[in-house]
Amino acid sequence: MSVEHSSPDPSRRRLLAALGASGIASMLPMARARASRPLGVALVGLGYYSRDLLAPALQMTRHCRLAGIVTGTPAKAEEWQRRHGIPDRNVYDYTGFDRIADNPDIDVVYVVLPNHLHKPFTLRAAAAGKHVWCEKPMAMDAAEALAMIDACRQHRVHLAIGYRMQHEPNTQAVMALAASRPFGRLQRIRAEAGFHGFDGASGDNWRLDAARGGGAMYDMGVYALNAARYTAGAEPIAVTATSSIQRPGIFRGIDETMRFRLEFRDGVTADCATSFGENMNQLRADCADGWYELSPFQAYEGVRGEASDGRRFDAVIGATPAQQARQMDADALAILERRAPRVPGEEGWRDMRALDAIFASARAGGKRVEIAAG
């Protein structure tokens, strides 16, 4: 990747000199964008999330812009070029994706593909010297997640996972409560994320295909899992889980609904659920001296809640896709400032460790399974 940037100001020169003297600078990602312009982002996969959310959100950002696309459908490429003014040189198909290494217009590759393709395209993007943003869930399992982290570290590029909720202010307030504990000792967590869908869905829908990472747990369950972890402010040590199917004609070999209980070292438990058959969207923490909750806690807009002492968590972000814009701007700024993103690959890997245990418990009929230590 070509690198062009203006000379740093004196204070920045002193900072970089200090980092160099300490050896820290050598650990920072090498791939950088020109400081005089927003980061150029290429969206890999042009489905609903890219078309209706990420592309419009990129028009709202300050530190990044839509610069390129990667698709296997020529008709989509033509439509996107007309709508967003993307030049031919910034349009790639999946086979020729690796040529992106020679394109200085593109600094970041955002992987918005079915789950089984997250790892291969992250590895290819890292090898091309591009920073990587990857949608959730990070991978198919913890081993894949580690390989993605290792590849980005080897090529000295950023890796950030698309947990947009961790950029949302009310969610951040809940995360802060895990440390301040204003309601005394945390006792129980409840986290549920799901919706009723897929009636009449096409048989080739990847969310209904186990080989491509289908099922409620991968798609919606990561919201409940991640929320339980950040609400506890700790890592779970064990899980019991059960999977169920109410519509066997639609869900074959994947979970329609998953319920799981996480155990933490301090005795805290988190009862979690996810579903493609039930509407659910709540996060609640019960403590020794009170409680607090968000409902909805993972909607695209309108995240709000309350606490037992009367405080309210009112919605503070605008209409969709404001959350996505906030997430991408924060991740772009982390790259430009050469610091770790708010949600690095390691965060996604921690969820994948728990996911591995959840699936193992469900396969064993609800047997308690310990979660591998980091």
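Quick housekeeping: the model is predicted, so local features need pLDDT of at least 70 and side-chain atom pairs count only at pLDDT 80 or more, while totals for chains, interfaces and linings use all residues. Residues are numbered from 1 along each chain as its sequence is written, and side-chain values use heavy atoms, with hydrogens and water left out.

Okay, the parallel sheet. It's open, with six strands in the order β3-β2-β1-β4-β5-β6. Strands here are DSSP E runs of at least two residues, helices are H or I runs of at least four, both numbered from the N terminus, and two strands pair if DSSP finds at least two bridges between them. At the edges sit β3 (91-92) and β6 (159-161), each pairing on one side only. Between β4 (108-111) and β5 (131-134) there are four bridges, and Val108 stands opposite His131 in β5.

Now, what lies across this sheet? Helix α8 (322-336) lies across β1, β2, β4, β5 and β6, at about 155 degrees to β5. Angles run from 0 to 180 degrees between N-to-C directions, with axes fitted to C-alpha atoms, for helices over the stretch in contact; contact means heavy atoms within 4.5 Å.

Then there's α4 (118-127). Its buried residues are His118, Phe121, Thr122, Ala125 and Ala126, buried being under 20% relative accessible area with a 1.4 Å probe, protein chains only. After α4 comes Gly129, with a positive phi near 80 degrees.

On to the mixed sheet: nine strands, open, ordered β14-β13-β12-β11-β7-β10-β9-β8-β15. β14 (312-313) and β15 (369-370) each have a single partner strand, so one side of each is left without a neighbour in the sheet. Seven bridges hold β8 and β9 antiparallel, and Ala241 has Phe260 as its bridge partner in β9. Helix α6 (169-180) touches β11, β12 and β14, while α7 lies across β7, β9, β10, β11 and β12, at about 160 degrees to β7.

Last, the cores: sets of buried Ala, Val, Leu, Ile, Met, Phe, Trp, Tyr and Cys joined through side-chain atoms within 4.5 Å. The largest has 84 residues, and Phe260 is back again, among those with the most contacts inside it. Helix α7 (216-232) gives the most, 12 residues. A second, separate core of 27 residues includes Val41 and Leu336.

How values were computed: Buried < 20%, exposed > 50% of the residue type's maximum accessible area, 1.4 Å probe, protein only.
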